[in-house]
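Student: I'd like a close look at a single part of this protein, and then how the rest of the fold is held around it. Could you walk me through that in one go?

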Amino acid sequence: MSEFVISGTGLFTPPETLSNRELVEAFNCYVDQFNQDNDEAIKRGDIEALEKSSEAFIEKASGIKSRYCMNKSGIIDPKRMKPYLKERTDEEHSLQCEMSIHAAKEAITRAQITPDNIGMVIVACSNLQRAYPAVAIEVQQALGIHKAFAFDMNVACSSATFAIQMAYGAIASGSVDHCLIVNPEICTAHLNFKSRDCHFIFGDACTAMIVQKKEAHQTLDNAFKILDVKALTQYSSNIRNNFGFLNNADEEGFGLPNKLFYQHGRKVFKEVVPMVSKHILEHLKANKIDNQQVKRFWLHQANDSMNLLISKKVLEREPQEHETPIILDEYANTSSAGSIIAFHKYNQDLKKGDLGVICAFGAGYSVGSVILEKI
Ligand code: CO8
């Protein structure tokens, strides 16, 4: 029987880093100015004074210490509080295409294939910079992938795992042999840096994967067989972004704040932890795999206590650090790229036959898990 594998991964990390200290300094400067400018209205009780953010809170509540971003100067300018990302001409590569090229080239090299092998390209991420033409088709052209079709998809933080589900299905049906998946996440452009509740949550990054049918003669370096994929969705309004083309027909236009990311973080935490742990346990059981057999969990990177709790529930004991690697201290939440960054950085030490699970979860709600075996 054919084997389907993840044969290579790639990662693009933006060049600029932004620490909690820098972010909080800019935010607090914005707060001082706002409160000063609105002093009268605040005294009258017409509006509430803004409260300051704190580095200690951010690290304790989320585990995040810093993040990478496509532009830092605009974010830390208290008069602006958003990145400078200039719109490019139709003749230039788009920003998401540019990030994708870097990550995809690494994945293609690691998989030891050529662009000609690829039959399907999926750009899967939380925020697409335009409606059409699909960014995936632009990526396809930029990489010289000639015999393929490409499309964009969005299932928020679960996008990469849902794309693996798509690739697995397409390969199993015989329609393609190799699929390139890329996850160019520019979360900082959809983040309200003037909101104390969420200004620290996200960072930017792009990951890529090659999912393919393993040829009998092929020798692969550091590849993982996909044993099974399971995707689940359950509607919730607790994590939202209402940006869309209908905003143009509304009086408020594309204005702030509800066209940017917002969430009820506590509710998400409470509802998603049991949902994800149950999902992973059921997925393992359906594949007759004992939870103690799994050597590594590459979980979505939103909050480190959330990951600790999920892995405790799944393993029924305290997990060891290497069992559930954390990258969000350095990258923050990079939406769909997070679990794939963890997988990309922390899989080389596993031995042939070792089992691992990639599990991403987020808005929708959505959960996608992929059971892997190192070959
Ligand atoms: N500094 C200081 N104090 C603060 C701050 C701050 N920055 N923010 C809040 N506080 C205060 C609050 O006012 C509150 O005070 P009080 O107790 O007096 O009311 C107190 O701190 C506690 O606040 P919270 O209850 O909000 O804090 P939590 O402990 O719940 O931590 C978290 C907040 C970190 C957000 C936490 O709830 C969390 O991580 N939840 C899970 C969230 C999650 O996993 N979300 C998934 C989102 S990702 C996704 O799927 C969408 C992808 C879309 C990508 C789009 C890119 C932009």
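Student: What volume does the second largest pocket have?

Tutor: Keep in mind that this is a predicted model. The second largest pocket comes out at a volume of about 1200 Å³. Its lining is made up of 37 residues, and those nearest the centre are Leu85, Glu87, Gln129, Ala189 and His190. Helix 4 and helix 5 (135–142) are the elements that give two or more residues to that lining. Sorted by class, the lining of the second largest pocket has 14 nonpolar, 11 polar and 12 charged residues.

Now for the salt bridges. A search of the whole structure turns up 15 of them. In one, the side chains of Lys72 and Glu22 come together, with N to O at 2.7 Å. Lys72 sits in the loop between strand 3 (66–69) and helix 4 (95–111), while Glu22 belongs to helix 1 (residues 20–37), so this pair ties together parts that are 50 residues apart in sequence. Lys72 counts as buried because its relative accessibility is 16%, under the 20% cut-off. Glu22, with a relative accessible area of 23%, is partly exposed.

Another salt bridge links Glu51 and Arg196, whose closest N and O atoms are 3.8 Å apart. Here Glu51 is in the loop between helix 2 (39–44) and helix 3 (55–62), and Arg196 is in the loop between strand 6 (178–186) and strand 7 (204–214), so the pair ties together parts that are 145 residues apart in sequence. Glu51 is exposed at a relative accessible area of 52%, whereas Arg196, at 36% relative accessibility, is partly exposed. A further salt bridge joins Glu318 to Lys312, with 3.7 Å between the closest N and O atoms. Lys312 is partly exposed, at 31% relative accessibility.

Next, the nonpolar side of things. The largest nonpolar core has 46 residues, and the members touching the most others are Val276, Ile280, Phe297, Ile310, Cys359 and Phe361. At least two residues of this core come from each of helix 1, helix 7 (265–286), strand 11 (294–299), helix 8 (304–315), strand 12 (355–362) and strand 13 (366–374). Helix 7 is the top contributor to the core, giving 7 residues. For a view from inside, take Ile280: setting aside neighbours within four places in sequence, Ile280 contacts Phe297, Leu299, Ile310, Val314 and Cys359. Apart from this core there is another, of 37 residues, which includes Phe162, Met209, Ile327 and Ala337.

Ile171 is buried, at 3% relative accessibility. If residues up to four places away in sequence are not counted, Ile171 touches Phe4, Val176, Asp177, Val211, Gln212 and Lys213. Take Val211 from that list: Ile171 and Val211 are 40 residues apart in sequence, yet their C-alpha atoms are 8.6 Å apart in space.

Notes. Residues numbered from 1 in each chain as written. Predicted model: local features only at pLDDT ≥ 70, side-chain atom pairs only at ≥ 80, totals over all residues. Heavy atoms only, no water. Salt bridge = Lys/Arg side-chain N within 4 Å of Asp/Glu carboxyl O. Helix = DSSP H or I, 4+ residues; strand = E, 2+ residues; numbered from the N terminus. Buried < 20%, exposed > 50% of the residue type's maximum accessible area, 1.4 Å probe, protein only. Core = buried A, V, L, I, M, F, W, Y, C linked by side-chain atoms within 4.5 Å. Contact = heavy atoms within 4.5 Å. 1 Å grid on protein atoms, 1.4 Å probe; cavity = no way out; pocket = protein on both sides within 12 Å on 5 of 7 lines; lining within 4 Å. Points joined across faces, edges and corners; volume = space filled by probe spheres on them. Nonpolar A, V, L, I, M, F, W, Y, C, P; charged D, E, K, R; others polar.
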